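Me: I'd like to go through the aromatic contacts and the surface in this one. Can we start with the rings?

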Amino acid sequence: MFPYPVGLRYIGIAALLLGLSLTSPAQAETCIDLNVVGADGTSVKKTVSPFSTLVTSNNWNTDFAVPSDRSFSRYVATIVPENSANYDVELNLKYRDNSSSRSYKKDNVAVKFGQPLRVVGVPQSRRDPFQVNIFIGGLNAIGNTYTVSVLGCY
C-alpha cells in the first residue's frame, strides 16, 4: 500500500507533526475603538434626517478621530440598524493635507434589523489618516435609526 518502509513513514509523520508544532500561530489582530468627533464615546446612535437643502443640513456624516501615535493597517466601521432599511454607505479616510480617499461606496445597501454591516477601509500606503468618515443616509433611509462605531486595527 505504501511504497516506503514502515520506519520512514513514522519518521515522515513525526517530522510533519514536529513541523506543525514549531510553526507559530498567526498573530491575532489588535483593534481599538475610535472616538466620535464632537461627541463622547466610541459609538453614536442616529436617526437619518431628511436630505440637505439650502437652509438645512443632514446628519449623514460621522467622523471618528484616529490617534496620532498609532498606525493602523485597516479601519472597520460597524453599522447596527434598528430596523430593516436600505442605506447609502461610504467610508472615507481623511488626511492632514486636506485630501481623502474613498475606501467604500455603495448605494441602496439592504440591511436587516440587528444584523451588523461591516465596512472596511485601508489607508493609502505610508499615510496615516487623522479621521475616518462614515456616510450613512440616502432618501430610502430617512427616518431609520442605526448605531455606528469604528475600530482601528493593526
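Reply: Trp-60 is buried, at a relative accessible area of 9%. Keep in mind that this is a predicted model.

Me: How many aromatic pairs does the structure hold?
Reply: There are 4 aromatic pairs. In one of them, Trp-60 and Phe-135 have ring centres 5.7 Å apart and planes at 80 degrees, so the pair is edge-to-face.

Me: Where in the chain are those two?
Reply: Trp-60 is in the loop between strand 3 (43-47) and strand 4 (61-65), while Phe-135 is in strand 9. They are 75 residues apart, so the pair links distant parts of the chain.

Me: And Phe-135, buried or exposed?
Reply: Phe-135 counts as buried because its relative accessibility is 17%, and the cut-off for buried is under 20%.

Me: What about Tyr-87 and Tyr-146, how are their rings arranged?
Reply: The centres are 5.8 Å apart and the planes are at 80 degrees, so that pair is edge-to-face. Tyr-87 belongs to strand 6 (residues 85-94) and Tyr-146 to strand 10, 59 residues apart. Both tyrosines are buried.

Me: Which residues form an aromatic cluster?
Reply: Phe-72, Tyr-75 and Tyr-154 make up one cluster.

Me: What sits over the ring of Tyr-95?
Reply: The charged end of Arg-127, at 4.1 Å from the ring centre.

Me: Surface next. Which residues form the nonpolar patch?
Reply: Phe-51, Leu-139 and Ile-142, with about 290 Å² of accessible area together.

Me: Where is Ile-142 found?
Reply: Ile-142 lies in the loop between strand 9 (131-137) and strand 10 (145-153). With 34% relative accessibility, Ile-142 counts as partly exposed.

Notes
Residues are numbered from 1 along each chain as its sequence is written. This is a predicted model: local features need pLDDT of at least 70, side-chain atom pairs count only at pLDDT 80 or more; totals for chains, interfaces and linings use all residues. Side-chain values use heavy atoms; hydrogens and water are left out. Patches are made of residues with over 30% relative accessible area and no salt bridge: like charges are joined within 9 Å, nonpolar side chains (Val, Leu, Ile, Met, Phe, Trp, Tyr) within 5 Å. Accessible areas come from the Shrake-Rupley method with a 1.4 Å probe; for residues, only the protein chains shown count as cover. A salt bridge is a side-chain nitrogen of Lys or Arg within 4 Å of a carboxyl oxygen of Asp or Glu. Helices (H or I, at least four residues) and strands (E, at least two) are DSSP runs, numbered from the N terminus. Buried means under 20% relative accessible area, exposed over 50%, partly exposed in between (1.4 Å probe, protein chains only). Rings of Phe, Tyr and Trp (its six-membered ring) pair if their centres lie within 6.5 Å; planes under 30 degrees apart count as stacked, over 60 as edge-to-face and the rest as tilted. A charge sits over a ring if NZ of Lys or CZ of Arg is within 6 Å of the ring centre and within 35 degrees of the ring normal.
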